[in-house]
Structure formats: structure tokens, C-alpha cells
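The sequence and structure are shown first.

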Amino acid sequence: MKISSWNEWDPLVSVIVGSAEGARVPRVTSSLRAIHYAHLRDSSAIPSGPYPKRVLEEAEEDLEALCAVLRAEGVEVYRPKPPVTETVFRTPHFESDSQYVFCPRDSVLVHGDLILEAPMPAQSRYFETFAYRSLFEEAFEDGARWISAPKPFLTDDDYSFETKPGVPTLRDHEICFDAANVLRCGRDLFYLVSNSGNKKGARWLQSILGSGFRVHALEGVYSYMHLDSTISFLRPGLVLLNPSRLRRDNLPEILSGWDVIWCPEPHDIGFYPPYENASTWIGMNLLMVRPDLALVEKNQTALIRELERRRIQVIPIRMRHQRTLGGGAHCVTLDLERRGALENYF
């Protein structure tokens, strides 16, 4: 099992696709309130417990169809072993059940031949990477580097419960970030400071990667969670941006020389009430199979037309519950190998 992936667009060789099996909203904890439900004043409104059977069955059906599309393009697909999410676990600092393995992109960062298990700030996701352990063992035996970030304590001190517009609720006390806060462009990595990634996490990542790489911490862009519904890198010199969060005057200066597609207003596919775990902008959460081929949720016809205008072929895919479960095509995949070398794109 070769691990080699430097960016978001080189030709995809192998990938992990997540699983909807066993997905649930965890019990109410400090991190769940601060990260996922900061907008709710009353924590009793959080719908803890298993997702409806219909949601999980349809979501898994869509993931199986995604796997078939990828295999048809010659991509090798791996699936995780779903965890027993209802099992309650305890650390010296908190007690929780688990969430899911629907979004492998959230918990693991692959950069070159490095597998990095992220120090996730959600207490319910503390052991999520265990679902991929057998895959990473195999990759390690085949030559991959494999590390885990320092496990944070995740006490109440890590979170702010006074929500202010645009201000992350994750404090800078410990090294904390989700892997989905990061997008890769060879020697440059873009890191979103938000509810799911703090500045200390960006500094730690820079220290691990070393002086040959540059981690760009983006602040004041989007405070909720991950980066891949705000920025999507399509190929060298071309980027898809979310116009509700980025403008020419707050665009990272390093991207000023790139061509930009301003994402059209997404088509709202809705969600299964009361499980609203992503905004309509999850519609721009796409997966590049190679620089001229993207997988895009099938209802995003305006976006598909824009991509095709730039000579990017699109395979429309069905993701009925991406707003319900909080994951589009990029979120539910984790590329292990892309055919391409390390380059400097800036």
C-alpha cells in the first residue's frame, strides 16, 4: 500500500471511502456544544442518539455508488471497519460515546508519504482513527511514515461557550485541529483557524513538516469548522472559492495570482430534520479524481457548468444526506496515493 499524495488534484490512485454504518449524534458534552452546536442556547435541543435508519441506509447506498464510480476510473478503494459508536468511553477528563467514520478526511491528514492522525477537538471523535488502524498498519509495513499528534486533554478550558459572530469557540490552550481544516498544495498547506482548529495546531503542524513547507493559517474567514466548503483546489493555478466567506480583499495574498471560480449559489438539497450538520455550501465540496475530472453532487448544476467551462469533466454523484451527516465527496474520502511529485506551486 503506497502512501503518496502532495495535493488535491493529481491523478488519484487509491482512496479510503467512509462508512455511514452506526452514525449517531453523540451525547451532549462540552465539545459537542462548543464545536457543533454553538448556535443553540438550549443543549436539550441537540438530537443525541442514532440517525434514522432510512438516513443511514440511503447514505451507505450513495457511498457504495461513489465507490463504484471511483473503481470505474481505475482507483483502488478501501473502506474502514465501522466502530461500535454507542459504546461509552472515559478518559481522566471526559466521558463520551462516538460519532461515526463517515468522513475520513476529518481525522487523518496524508501529505507525501506521511500519515498524520489529527488531534481532533471533538471529544466524541477521540478514538475515531482506530477504524483505519489495520489499513495504516499495512501502509507502515510498506514504507509509509505514520504519526499521531499529541492527544489533547479536551477539558472545558479548551472551549468558549460565549459565541460571537466570526469568533472560533475553540481556545488556543492545546494543540487541536481536524485534518479537514487543512488543504494541500505541494510545499504550501492552507489551514483554517476555526471551531475545529486553533492557531497552536497550525504552529505544531509547521514544526512537524519543517522548513521545507509553509503552513498558511487563515483567520477571520469562517469560524464554524472545515476548509473544504470554503476553498477547493482544482489544478495548479485554478481554485474554487466560496463568495459568502471570501472576497478579493480578504483572499490569502499567496492566491492572488491564481484564476478563481467564484462558486455559484448552491442548490439546497435539504436535510433530514432536525439533523442540519452542514450549510448549503457543502454543495461545493467536490473531489478531484485528476486535474480534468471532478466528482460533484448531482444537483449542483450551476457549479457543474462552471467547471465544464474550464474544461473540467464532471461525473455527477448522488449524496442525499451530505447536509444531514455533514460530508460531501471530499469529506467522505481520504486519498492515499495520487500520481505526482512534490512541487512548489507559488
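In this predicted model, F94 and Y126 are both buried. The ring centres of these two residues lie 5.3 Å apart, and their planes meet at 80°. Since planes over 60 degrees apart count as edge-to-face, the pair F94 and Y126 is classed as edge-to-face. The positions of the two residues along the chain are also of interest. F94 belongs to the loop between β5 (89-90) and β6 (95-96), whereas Y126 belongs to the loop between β8 (114-117) and α4 (133-141); the pair therefore ties together parts that are 32 residues apart in sequence.

How many aromatic pairs does the structure contain? The count comes to 20 aromatic pairs. Among them is the pair of W6 and F213, whose ring centres are 6.1 Å apart and whose planes lie at 10°, so this pair is stacked. Here the threshold is the opposite one, because planes under 30 degrees apart count as stacked. W6 is found in the segment before β1 (12-17), and F213 in the loop between α5 (199-209) and β12 (214-218). The pair thus links distant parts of the chain, 207 residues apart. W6 is buried, as is F213.

Two arginine residues are placed against aromatic rings. R187 lies over the face of F213, 5.4 Å from the ring centre, so F213 takes part both in this arrangement and in the stacked pair with W6. In the other case, the charged end of R133 sits over the ring of F130, at 4.8 Å from the centre of that ring.

Attention may now turn to a sheet. It is an open sheet of 3 strands, in the order β4-β1-β19, with mixed pairing. The strands at its edges are β4 (76-78) and β19 (333-338), each of which pairs on one side only. From one strand to the next, the twist averages 25°. Between β1 and β4 the pairing is parallel and extends over 3 bridges. Which residue in β4 is the bridge partner of I16? The partner is Y78.

Definitions and conventions: Residues are numbered from 1 along each chain as its sequence is written. This is a predicted model: local features need pLDDT of at least 70, side-chain atom pairs count only at pLDDT 80 or more; totals for chains, interfaces and linings use all residues. Side-chain values use heavy atoms; hydrogens and water are left out. Rings of Phe, Tyr and Trp (its six-membered ring) pair if their centres lie within 6.5 Å; planes under 30 degrees apart count as stacked, over 60 as edge-to-face and the rest as tilted. Helices (H or I, at least four residues) and strands (E, at least two) are DSSP runs, numbered from the N terminus. Buried means under 20% relative accessible area, exposed over 50%, partly exposed in between (1.4 Å probe, protein chains only). A charge sits over a ring if NZ of Lys or CZ of Arg is within 6 Å of the ring centre and within 35 degrees of the ring normal. Two strands pair if DSSP finds at least two bridges between them. Axes are lines fitted to C-alpha atoms, for helices over the stretch in contact, and angles run from 0 to 180 degrees between N-to-C directions.
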